[in-house]
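User: I am new to this one and would like to go through it step by step. Could you show it to me first?
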Amino acid sequence: MTNSVALRVDDSALRAGPRVAFTFDGTPLHGLQGETIAAALAAEGIAALGARRDGTQRGLWCGMGVCQECIVTVDGMPSRRACMTLIAAGMAVTTQGYAVSLPEPSARSTFSTPAVQQPQLLVVGAGPAGLAAARAAALCGVKVTVIDERAAPGGQYFKQVAKSHNVVAAERLDAQVRAGRDLIAEVERLGVTVLCEATLWGAFGAKELAVAIDGVQHVFAPDRLLVAPGVYERGVPVPGWTLPGYMTTGAAQTLLRAYRVLPGRRVLVAGNGPLNLQLAAELVAAGVEVAAVVDAAAAPRLRDMASLLCAVASAPGLIRDGLRYRARLRRAGVPLIHSSAVIAAHGEARVDACTVARIDAAGRPIAGTSRRYAVDTVCAGYGFLPSNEIPRALGCRHAVRDARGTLSAFVGRGHLRHRRRRRARRCTRSALPGLHHRLRGRSLARAAIADKCG
């Protein structure tokens with residue numbers, strides 16, 4: 001265990017909330033009221049959260065409730081996701097092995113018919129797309145309810161400050177967070193009902209959705225349903241990628257941006273895409289030693305100039321941010337290594353090193369080019385996959401979109417007019433994968449719901 005103060009970031013725009021006491025494997029610890037178990041343990045330098053069937057350790061990986069790698073036992077109840085469960089005073093958290101025993105059912109357990117909610121429009125997902133759609137519908141006079149599994153709206157892109165901190169100087173927050181705050185505030189002003197910590201666990205039909213909210217079961221039977229579940233990060237397995245301390249870029253960003261907790265002290269960021277540059281720059285600003293940023297893409301060349309100019313014309317703000325991140329990393333002396341990838345992570349209880357090698361055009365390591373880095377954390381980001389579980393359960397048509405086998409919801413004739421925009425966006429899509437897709441999804445969702453409102 002390490003000094004937790006050293007892993008918490010002091011931010012003049014925020015004031016930390018009250019501390020609460022809890023235990024982890026019997027050891028007394030303190031966290032901030034309103035932060036997750038994963039954030040509180042990361043602040044204490046604790047990365048290992050349980051063991052697999054073969055006895056190997058596991059820890060936080062996706063940071064958004066998808067992978068189940070961070071499950072722990074909370075007050076005797078197994079399989080609680082540490083990245084989604086908020087700490088509470090007196091809570092007893094323990095690591096969880098492969099085999100678990102379920103608690104005895106309470107003698108007072110009773111069955112009751114769930115309450116039926118019938119909103120005019122139900123939006124599933126409170127990220128940029130869901131919030132934009134809710135805003136568009138509310139402006140048309142529609143009564144809207146938004147549900148989201150997370151503790152606060154905003155999603156992965158807007159990633160709001162957690163309840164563990166109070167905002168005391170909003171003007172000092174970055175533009176991305178402020179944009180999310182403004183959209184959330186407008187949605188609330190328009191009378192939209194936003195229900196957080198609401199888990200949609202059964203999609204039996206568009207008018208039969210089973211949702212658990214604060215331990216109470218509900219059935220939603222909306223007049224209209226809009227599903228905006230967002231995306232999750234694509235995992236690229238390498239030896240050692242399941243070690244505690246090896247996590248996605250998004251998981252590290254959630255710790256840093258939402259909870260002001262550092263994922264580690266010496267970090268290597270790897271993968272492909274603009275979010276890796278953003279994370280690395282933010283880690284440097286927070287005082288973390290970033291060993292390197294390893295990018296699978298080749299360094300820009302003269303023949304790429306046309307695409308780069310097209311990207312500048314289509315998304316000048318994103319390009320400007322990318323240049324700013326690169327400048328910050330250059331000033332800090334962080335090497336940016338192209339055409340390379342992490343080919344292995346090493347360690348016992350957690351990551352203590354990783355190996356990087358140059359890769360060929362097919363992504364294969366080139367012999368004789370490997371180099372070992374001593375780090376305590378590896379953050380990997382290789383783009384995103386659509387969260388399509390709910391649409392598939394509802395019977396929505398899906399199709400394989402690309403050579404990687406990405407299964408995406410079919411876009412029908414109702415969005416044909418948007419195809420005229422695709423040519424202008426194509427260059428941005430290749431230069432800035434992932435981030436622009438999120439913003440594009442917000443625009444499409446807003447336009448689609450506005451059509452339904454007339």
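User: Is Trp 241 buried, partly exposed or exposed?
Analyst: In this predicted model, Trp 241 has 26% relative accessibility. Buried requires under 20% and exposed over 50%, so Trp 241 counts as partly exposed.

User: And Trp 61, buried or exposed?
Analyst: Trp 61 counts as buried, because its relative accessibility is 14%.

User: How many aromatic pairs are there in the structure?
Analyst: There are three. One of them joins Trp 61 and Trp 241 in an edge-to-face arrangement, with 5.7 Å between the centres and 85° between the planes. Trp 61 sits in the loop between β5 and β6, and Trp 241 in the loop between β18 and β19, so this pair ties together parts 180 residues apart in sequence. Another pair, Tyr 157 with Phe 158, is tilted, at 5.2 Å centre to centre and 55° between the planes. Tyr 157 and Phe 158 are both buried.

User: Changing topic: which residues have the most contacts inside the largest nonpolar core?
Analyst: That core has 49 residues, and those with the most contacts inside it are Phe 22, Ile 37, Leu 41, Val 269, Leu 283 and Val 293. Several elements supply at least two residues each, including β2, α5, β20 and α8. The largest share, seven residues, comes from α1.

User: What does Val 293 touch?
Analyst: Leaving aside residues up to four places away in sequence, Val 293 touches Val 269, Leu 277, Ala 280, Leu 329, Val 334, Pro 335, Leu 336 and Ile 337. Another core, of 23 residues, lies apart from the largest one; Leu 243, Tyr 246, Ala 270 and Ile 359 are among its residues.

User: Is α2 mostly covered or exposed?
Analyst: Mostly covered, as ten of the twelve residues of α2 are buried. Among them are Pro 128, Gly 130, Leu 131 and Ala 138.

User: What about the span of α2?
Analyst: Helix α2 covers residues 128-139, and at 1.5 Å a residue its span should be 16 Å; the end C-alpha atoms are 16 Å apart, so the two agree. After α2 comes Gly 141, which has a positive phi, near 90°.

User: Which side chain does Asp 11 contact?
Analyst: The side chain of Asp 11, a residue in the segment before β1, makes a polar contact with the side chain of Arg 260 at 3.0 Å.

User: Where is the pLDDT below 50?
Analyst: The protein averages a pLDDT of 88, with 87% of the residues scoring at least 70. Over residues 413-440, however, the pLDDT is below 50. Where pLDDT is low, the predicted coordinates should not be read in detail.

Notes: Residues are numbered from 1 along each chain as its sequence is written. This is a predicted model: local features need pLDDT of at least 70, side-chain atom pairs count only at pLDDT 80 or more; totals for chains, interfaces and linings use all residues. Side-chain values use heavy atoms; hydrogens and water are left out. A nonpolar core is a set of buried Ala, Val, Leu, Ile, Met, Phe, Trp, Tyr and Cys residues joined through side-chain atoms within 4.5 Å. Buried means under 20% relative accessible area, exposed over 50%, partly exposed in between (1.4 Å probe, protein chains only). Helices (H or I, at least four residues) and strands (E, at least two) are DSSP runs, numbered from the N terminus. Contact means heavy atoms within 4.5 Å. A polar contact is a pair of N or O atoms within 3.5 Å; within protein, one must be able to donate a hydrogen and the other to accept it, and residues adjacent in sequence count only if both atoms are side-chain atoms. pLDDT is the predictor's confidence in each residue, from 0 to 100. The expected span of a helix is 1.5 Å times one less than its number of residues. Rings of Phe, Tyr and Trp (its six-membered ring) pair if their centres lie within 6.5 Å; planes under 30 degrees apart count as stacked, over 60 as edge-to-face and the rest as tilted.
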